[in-house]
Amino acid sequence: MSEGNPIVELAKRRGFFLQSADAYGGVSGFYTFGPEGAALKQNIEDTWRERFTIQEGNMEVDAPTVMPEPVFEASGHLEGFDDMLIECPECGDSHRADHIVEDNTDLEDAESMAIERVEEIVAEYELTCPTCGAGLAGQAIQQFNLMFETNIGPGSSSPGYLRPETAQGIFVEFPQLAEYARNQLPFGVTQIGRAYRNEISPRKSLLRVREFTQAELELFIDPEEDEPDLERVEDVAAPFYPADEQQSDDGEIVEATVGEVFEEGIVADPWIAYYLGIAKRWYESIGVDMDRFRFRQHLPGELAHYAADCWDAEAEVDGDWIELAGFAYRGDYDLSKHAAHSEEEFTVFKQYDEPVTVERPTVDPDMSYLGPEFGGDAAAVADALETLAERDPDAFRDAQADGGAVTVEIDGQAYAVPVEKTGFEIEEVTESGEHITPHVVEPSLGIDRALYTVLDHSYREDEIDGETRRVLELPPEVAPTTVGVFPLMDRDGLADRAREVVDRLRDAGLAVTYDDSGAIGRRYRRQDEVGTPFCVTVDYETLGEGDDSDLEGTVTLRERDTTEQKRVPISDLAETLTELRDGDIEFADL
Ligand code: GAP
């Protein structure tokens with residue numbers, strides 16, 4: 001997004017966000033949130049925490065951002081968290097090959113194509129370097145892993161990575177978290193924190209950066225039993241763009257409620273449908289324009305390595321649809337992987353309603369036979385027999401029927417053991433429950449993209465007294481400042497009285513800015529531009545009405561969007577503003 005973009009310009013000038021380390025030339029993909037931006041971001045995060053953690057009864061954690069290599073071996077990020085890198089032979093700039101294809105041809109979803117196919121397309125369409133215009137045909141495309149690597153401690157024996165998603169910090173602690181949840185499914189764990197991706201070509205301001213904040217919920221469920229309370233969101237209406245509509249020539253957006261898309265099988269999983277409803281309400285509450293918002297299902301080739309189904313929340317920004325969040329059904333992928341790669345159990349014990357009697361195959365191999373027969377491999381053969389008995393008891397039954405041998409394979413070598421030497425038996429045991437690996441449903445939201453979208457969607461220009469007014473119509477709940485307080489003049493005791501008002505409002509927990517410089521109209525414009533929903537002016541009427549020592553009298557309260565003004569008693573001001581901020585009353589009700 002160019003510097004000429006009004007949001008980028010406003011963000012820098014008024015302290016929402018700016019390219020970091022500008023004094024040293026700046027680093028692409030890293031931004032510093034200034035005072036307004038940091039407050040806006042915190043408020044957005046607070047509303048997310050309220051909605052996704054507190055109201056849903058979930059637990060919040062705060063895990064490290066650096067994690068050791070085995071975590072990412074297990075999660076699949078080391079192997080497969082790659083983007084397609086193409087380098088320009090002329091200027092040397094690096095670009096994402098799939099983006100070059102999508103931006104310059106009618107082809108979509110290039111990310112899921114094979115590298116060889118993308119190389120062919122680059123040559124076929126004579127695609128060029130976005131920086132210098134040189135031809136890219138014939139340039140090899142490489143898979144580039146997006147994780148930032150580091151070393152934990154001195155030396156290089158303990159590699160670590162900055163986490164590319166906050167989710168892994170939750171999954172690796174699952175055994176303890178399940179205990180905190182008393183092994184009762186379903187339970188949800190949330191986390192808000194930084195994630196890092198060494199994007200090949202960061203772009204569009206905050207929309208694709210190398211360090212960003214994710215707000216993720218990992219919900220652990222028993223897929224056979226747990227269901228959400230869909231009634232709570234069934235009436236939430238939104239535009240849905242299913243995969244089959246995207247693939248059809250005359251595909252259309254489906255305008256429907258959450259209840260309808262679930263009933264009609266458009267969103268197959270009830271948990272995903274539930275969180276789409278919760279998220280739609282949340283995005284609306286923080287100021288995303290619902291006429292520029294939709295849910296889009298991933299195409300089959302687009303699904304992440306862990307996802308069985310995924311819907312994105314998308315918003316239109318500058319003519320493009322951008323992904324704000326993903327809602328994925330991750331199945332038991334993550335917990336099974338961490339169980340396989342670590343020494344821990346990633347299961348919960350599921351108690352049956354009634355104890356059940358089951359047949360359990362067991363082996364008790366005759367080591368006095370296995371030892372002399374297989375030497376150093378005997379113990380491994382015994383283990384393999386145990387695994388085979390659990391997985392395929394019929395192999396033993398068949399061998400018993402024909403008096404033959406059972407064959408196990410270890411590192412490609414076959415070992416045949418006469419069935420009578422395996423000690424195979426079927427025992428009847430009574431079980432009170434079983435260990436199950438929970439499935440995971442994950443709403444994963446990006447805070448930076450939400451923040452940028454809210455700024456973009458709330459920005460307006462209008463005209464007041466022949467002057468252009470720039471205004472951010474931010475919802476009061478997330479606006480960095482709730483109220484600006486101004487003395488009409490900086491004299492005659494007006495400023496002292498205004499400062500007393502400021503103290504009183506701050507004591508009530510409101511975010512307040514004091515401003516006594518310049519014409520009153522200019523001060524209003526300054527607050528309009530950073531989205532302050534209300535301004536209070538202390539004027540001569542205030543002084544005339546009250547006694548100096550207590551805060552009697554009235555002030556002018558002005559609303560940002562309508563610019564309407566009303567007189568409000570100072571004694572009621574803190575309560576009135578708190579109710580206005582929390583949406584409990586409307587300005588028109590005053
Ligand atoms: N745990 C799942 C996960 O990380 P993702 O779709 O890769 O899924 C989730 O990321 C969200 O994080 C995205 O929807 C987006 O809002 C945000 N995000 C991802 N990469 C980003 C980037 N480079 N810059 C800004 N936000 C990003």
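The centres of domain 2 and domain 3, taken over C-alpha atoms, are separated by 54 Å. These two belong to a chain whose assignment lists domain 1 (59–66 + 155–347 + 437–472), domain 2 (82–145), domain 3 (354–431) and domain 4 (481–589), with bounds that come from an automatic or database domain assignment. Please keep in mind that this is a predicted model, in which local features need pLDDT of at least 70 and side-chain atom pairs count only at pLDDT 80 or more, while totals for chains, interfaces and linings use all residues. Residues are numbered from 1 along each chain as its sequence is written, and side-chain values use heavy atoms, with hydrogens and water left out.

Let us turn to the sheets.

A second open sheet has three strands in the order E4-E9-E8, paired antiparallel. Its edges are strand E4 (66–68) and strand E8 (149–151), and each has a single partner strand, so one side of each is left without a neighbour in the sheet. Strand E9 (residues 159–162) is joined to E8 by three bridges, and the two run antiparallel. Across this pair, asparagine 151 stands opposite proline 159 in E9.

The loop between helix H8 (174–180) and strand E10 (187–196) deserves a look, as proline 186 lies in it. The peptide bond from leucine 185 to proline 186 is cis, with omega near -5 degrees. Arginine 182 also has its place in the loop between H8 and E10. This arginine 182 has a positive phi of about 50 degrees, although it is not a glycine.

Now to the ligand. Of the 20 residues around the ligand, Glu165, Arg197, Glu199, Glu216 and Glu323 come nearest; a residue is near a molecule if one of its heavy atoms lies within 4 Å of it. A polar contact is a pair of N or O atoms within 3.5 Å. A polar side-chain atom of glutamate 216 lies 2.5 Å from a nitrogen atom of the ligand. Backbone atoms take part as well: a polar one of alanine 325 is 3.4 Å from an oxygen atom of the ligand, and a polar one of glycine 446 is 3.3 Å from an oxygen atom of the ligand. Taken alone, the ligand exposes 550 Å², of which the protein buries 92%; accessible areas come from the Shrake-Rupley method with a 1.4 Å probe.

Which elements give two or more residues to the shell around the ligand? They are strand E11 (211–221), strand E16 (320–331) and strand E21 (439–446). E16 gives the most, with five residues.

Note on methods
A polar contact is a pair of N or O atoms within 3.5 Å; within protein, one must be able to donate a hydrogen and the other to accept it, and residues adjacent in sequence count only if both atoms are side-chain atoms. Helices (H or I, at least four residues) and strands (E, at least two) are DSSP runs, numbered from the N terminus. Two strands pair if DSSP finds at least two bridges between them.
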